[in-house]
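Visitor: I would like to learn how to read a protein structure. Please take me through it one feature at a time.

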Amino acid sequence: MTMEIKIREIQPNDNAVLASIIRNSLEEFGANKPGTVYFDQSTDHLYDLFQTNGSCYYVVTQNNIVLGGGGIFPSEGLPADTCELVKMYLTPEARGLGIGATLIQQCMDKAKENGYSTIYIETMPELKKAIQVYEQFGFEYLKHAVGNTGHCGCSVWMIKSL
């Protein structure tokens, strides 16, 4: 079987599988704690969430099987020129293949297209590999959160000029 990987925008029927991938990933890394997307009700309704102006969510598939996704969102309290890179999660099988980097680049390109000049991330120390990828993209550490995302369980904040 060929490795036919595609990236497309989210569809309503992606909600359940994406919620499962996100929660399973957080459980895998011991990051399924209060104040994270694990307990966020919007995790079960990503399609609806990403109908917000200035947002976009991409889904990665291989032979029509969802492997994960990631997006950009104008999170509450962020400056008007800043979006947040959000809900970047892949199945274990999809990690380490460069898919995450491709997805991040596509999100950054979309952010620029949408008029953003800065992109922000909130994450957790448990997600070490993801943090390393963000560092490779030139994200820099902040000493505090920006905006009001509602994810008080995140203690790593990063930002990058686009």
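**Reading the model**

Guide: Helix 1 (residues 15–28) has 14 residues, which at 1.5 Å a residue should span 20 Å, and its end C-alpha atoms are 20 Å apart, so the two values agree. The expected span is 1.5 Å times one less than the number of residues. Helices (H or I, at least four residues) and strands (E, at least two) are DSSP runs, numbered from the N terminus. This is a predicted model, in which local features need pLDDT of at least 70 and side-chain atom pairs count only at pLDDT 80 or more, while totals for chains, interfaces and linings use all residues. Residues are numbered from 1 along each chain as its sequence is written, and side-chain values use heavy atoms, with hydrogens and water left out.

Visitor: Which residues of helix 1 are buried?

Guide: Buried means under 20% relative accessible area, exposed over 50%, and partly exposed in between (1.4 Å probe, protein chains only). In helix 1 the buried residues are Asn15, Leu18, Ala19, Ile21, Ile22, Arg23, Ser25 and Leu26. Their cover includes helix 2 (46–49), strand 2 (56–62), strand 3 (65–73) and strand 4 (82–90).

Visitor: What follows helix 1?

Guide: Gly30 does, with a positive phi near 70°. Gly30 is in the loop between helix 1 and helix 2, and it counts as partly exposed because its relative accessibility is 46%. Gly30 and Leu127 are 97 residues apart along the chain, yet their C-alpha atoms are separated by 9.1 Å.

Visitor: Is Ser42 buried or exposed?

Guide: Ser42 counts as buried because its relative accessibility is 19%. Ser42 also belongs to the loop between helix 1 and helix 2. Contact means heavy atoms within 4.5 Å. Not counting residues up to four places away in sequence, Ser42 touches Leu49 and Lys87.

Visitor: Which residues of the largest nonpolar core touch the most other members?

Guide: A nonpolar core is a set of buried Ala, Val, Leu, Ile, Met, Phe, Trp, Tyr and Cys residues joined through side-chain atoms within 4.5 Å. The largest one has 25 residues, and Ile72, Leu85, Ile104, Ile119, Tyr134, Phe139 and Met158 touch the most other members. Among the elements that give two or more residues to this core are helix 3 (99–113), strand 5 (118–123), helix 4 (128–136) and strand 7 (156–161). Helix 3 gives the largest share, 6 residues. A second, separate core has 19 residues, including Ile22, Val37, Val59 and Val86.

Visitor: How many residues does helix 3 have?

Guide: Helix 3 has 15 residues and reaches 21 Å from its first C-alpha to its last, close to the 21 Å expected at 1.5 Å a residue. Its buried residues include Leu103, Ile104, Cys107 and Met108. Gly115 follows helix 3, with a positive phi near 95°.

Visitor: Which residues lie nearest the centre of the largest pocket?

Guide: On a 1 Å grid over the protein atoms alone, a pocket is an open set of points where a 1.4 Å probe fits, with protein on both sides within 12 Å along at least five of seven lines; lining residues have an atom within 4 Å of a point. Of the 41 residues lining the largest pocket, Met88, Tyr89, Leu127, Ala130 and Tyr134 lie nearest its centre. Strand 4 gives the most to this lining, with 7 residues.
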